[in-house]
Amino acid sequence: MKIIAIIPARHNSKRIKNKNLLKINNKSILEINYKNLKKTKLFKKIILTSESSKIKKIAKSIGYDHVIDRPKKLSKDSTSTASVVKHAINFLKNKIKFTHVCCVYPMAIMIKKGDLLKAKKILNNNSEIIFPAIKYKHPIQRAFKIKKNFVIEYKISKKELKRQTQTFDNYFHDAGQFYFGTNNAWKNFDKSKKKSFEISNLNAVDVDYNDDFKLLKAIYN
């Protein structure tokens, strides 16, 4: 098994400006992520793909093994992660030999080697994609909307609302850290079988808003 890590780091993030250029303790997110992955000794090469000249320049100075010039058509809000990884695979196929790809998001600086190894262990065949998940802290069945005049609206009945929280089934969401699979699974991403496993809430913060980044910094420190 020859595994490479691919970090997709576009410049034009919407909800947090220049998200992939942020720093913690005067170190860029891209540097922290690279060093964490390097330390695991699991990856043959660590690659970054971006359309941003600034991000690519920083990645080269950090020491990424390959820095891919991503087309701007693959840097839109609507662009899927899978299409970015497919482009990277095609770019690299004649340059290095690899059988598996682990796509790691730039903000996944809390990633643990044990979780990467677990994903590797779970993978059974070349048509699977494995990713970590986090449990919702409160039953999502009890979720509600806040409408006009601060009125709340539940989607479940009053009878269901009276149930104790521990009686509801657990639900999970994508941890926003990494996706692991074979080259074949990535090339046929939509048809690939998706598998997931639970990780600790302390090991991942999916950064979409400024408060998320503040929380990430607090946990990291």
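Biologist: Which residues line the largest cavity?

Modeller: The general idea comes first: rolling a probe the size of a water molecule over the atoms shows where empty space is left. On a 1 Å grid over the protein atoms alone, a cavity is a set of points where a 1.4 Å probe fits but cannot get out, and lining residues have an atom within 4 Å of a point. Here the largest cavity is lined by Ile3, Leu42, Phe43, Cys102, Leu116, Leu117, Lys120 and Phe180. This is a predicted model: local features need pLDDT of at least 70, side-chain atom pairs count only at pLDDT 80 or more, and totals for chains, interfaces and linings use all residues. Residues are numbered from 1 along each chain as its sequence is written, and side-chain values use heavy atoms, with hydrogens and water left out.

Biologist: How much space lies in the largest cavity?

Modeller: A volume is the space filled by probe spheres set on the grid points, which are joined across faces, edges and corners. For the largest cavity that gives about 50 Å³.

Biologist: Which helix gives the largest share of its lining?

Modeller: Helices (H or I, at least four residues) and strands (E, at least two) are DSSP runs, numbered from the N terminus. Helix H4 (residues 113-122) gives the largest share, three residues.

Biologist: How does the lining of the largest cavity divide by class?

Modeller: Ala, Val, Leu, Ile, Met, Phe, Trp, Tyr, Cys and Pro count as nonpolar, Asp, Glu, Lys and Arg as charged, and the others, Gly among them, as polar. The lining of the largest cavity has seven nonpolar, no polar and one charged residues.

Biologist: Is Cys102 buried or exposed?

Modeller: Buried means under 20% relative accessible area, exposed over 50%, and partly exposed in between (1.4 Å probe, protein chains only). Cys102 is buried, at 0%.

Biologist: What volume does the largest pocket have?

Modeller: A pocket is an open set of points with protein on both sides within 12 Å along at least five of seven lines. The largest pocket holds about 730 Å³. Its lining has 28 residues, with Arg10, Lys19, Thr81, Tyr105 and Asp208 nearest the centre.
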